[in-house]
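This report covers a single protein chain.

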Amino acid sequence: NTLDGYINAFKTFLRWASKHGYEINESYKDVTIGRYESDQLALTFEDVKKLEDAELSGAEERARDLFLVGIYSGQRFSDFSKISKDDLQDGFIIIRSKKTDTISYIPLTESLERILIKYDWELPKISSQKFNKRIQMVCKKIGFTESFKRTSIKGTQKDVEVFQRWQIITSHTARRTFITLSKEKNLPDHLIMKVTGHRSLRSMHGYARFNKEALRDLARDLFNF
């Protein structure tokens, strides 16, 4: 998927060059990679509630709280870990993404505000590497131990590995969870993108995952004559 993004960006440059009079070999149009639906996960509403209710202390509690800020805000770790009271404007946290320079408008929900007030708007400082290890330990402790099969592709080689769910939860799971749960609640795509800072629907949709339990329940209701 990363390579597909790079190729498309390079094609955009070549189209620009052609438009401005540079001689371009048109065969670049035949180069395609295609995107792959990765086996990344998002948490369910039940998972988030379990995280909220977990009795934790010390570093584990701080990692859990920071992870919840990521879920409630829909931001990358580099952005949600830096939220401060200076970003608050008229009920929104307004920040500019460190990675893409886009502006996000994050509604200050009760759940998000509760954690920010808990730390007096000075969120715990931790590196992303240490954070990922700690949130994985938290998720293991509270029982996210179901098996999860993940396929990786290198060239033409497909490798399938089986993990416990806590092993593949990272800071980015929070952003993916926000998008997935927002779509389950039918929040319009253009509003989700205003929160997350995504510039394209294609990119944003790449983060969304479906809740198998929700699909199962809807199907049962559909055929429950």
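Helices (H or I, at least four residues) and strands (E, at least two) are DSSP runs, numbered from the N terminus. The model is predicted: local features need pLDDT of at least 70, side-chain atom pairs count only at pLDDT 80 or more, and totals for chains, interfaces and linings use all residues. Residues are numbered from 1 along each chain as its sequence is written, and side-chain values use heavy atoms, with hydrogens and water left out.

**Overview**

The protein has 10 helices and 5 strands. Its mean pLDDT (the predictor's confidence in each residue, from 0 to 100) is 86. A value of 70 or more is reached by 85% of the residues. Of the 225 residues, 38% count as buried. Buried means under 20% relative accessible area, exposed over 50%, partly exposed in between (1.4 Å probe, protein chains only). Contact means heavy atoms within 4.5 Å. Among contacts between residues at least 6 apart in sequence, 59% join residues at least 24 apart.

**The sheet**

Strands of a sheet pair through backbone hydrogen bonds, either parallel or antiparallel. Here 3 strands form an open sheet in the order S1-S2-S3, with antiparallel pairing. Strands S1 (88-89) and S3 (103-107) stand at the edges; each has a single partner strand, so one side of each lacks a neighbour in the sheet. Two strands count as paired if DSSP finds at least two bridges between them.

| Hairpin | Bridges | Residues between strands | Turn residue with positive phi |
|---|---|---|---|
| S1 and S2 | 2 bridges | 2 residues | Asp90, about 50° |
| S2 and S3 | 5 bridges | 6 residues | Asp101, about 65° |

Ile93 of S2 stands opposite Leu88. Ile93 also stands opposite Ile106 in S3. Side chains alternate along S2: Ile93 and Ile95 point to one face and are buried.

**H3 against H7**

Two packed helices are described by the angle between their axes and the distance between the axes. Axes are lines fitted to C-alpha atoms, for helices over the stretch in contact, and angles run from 0 to 180 degrees between N-to-C directions. The axes of H3 (residues 58-73) and H7 (residues 171-184) come within 7 Å and cross at roughly 35°. H3 contributes Phe67, Gly70, Ile71, Tyr72 and Ser73 to the contact, and H7 contributes Thr173, Ala174, Arg175, Thr177 and Phe178.

**Arg76**

Where does Arg76 lie? Arg76 sits in the loop between H3 and helix H4 (77-80). Is Arg76 buried or exposed? Arg76 counts as buried because its relative accessibility is 11%. Leaving aside residues up to four places away in sequence, Arg76 touches Ser97, Lys99, Thr100, His172 and Arg175. The C-alpha atoms of Arg76 and Arg176 are separated by 9.6 Å, and the two residues are 100 residues apart along the chain.
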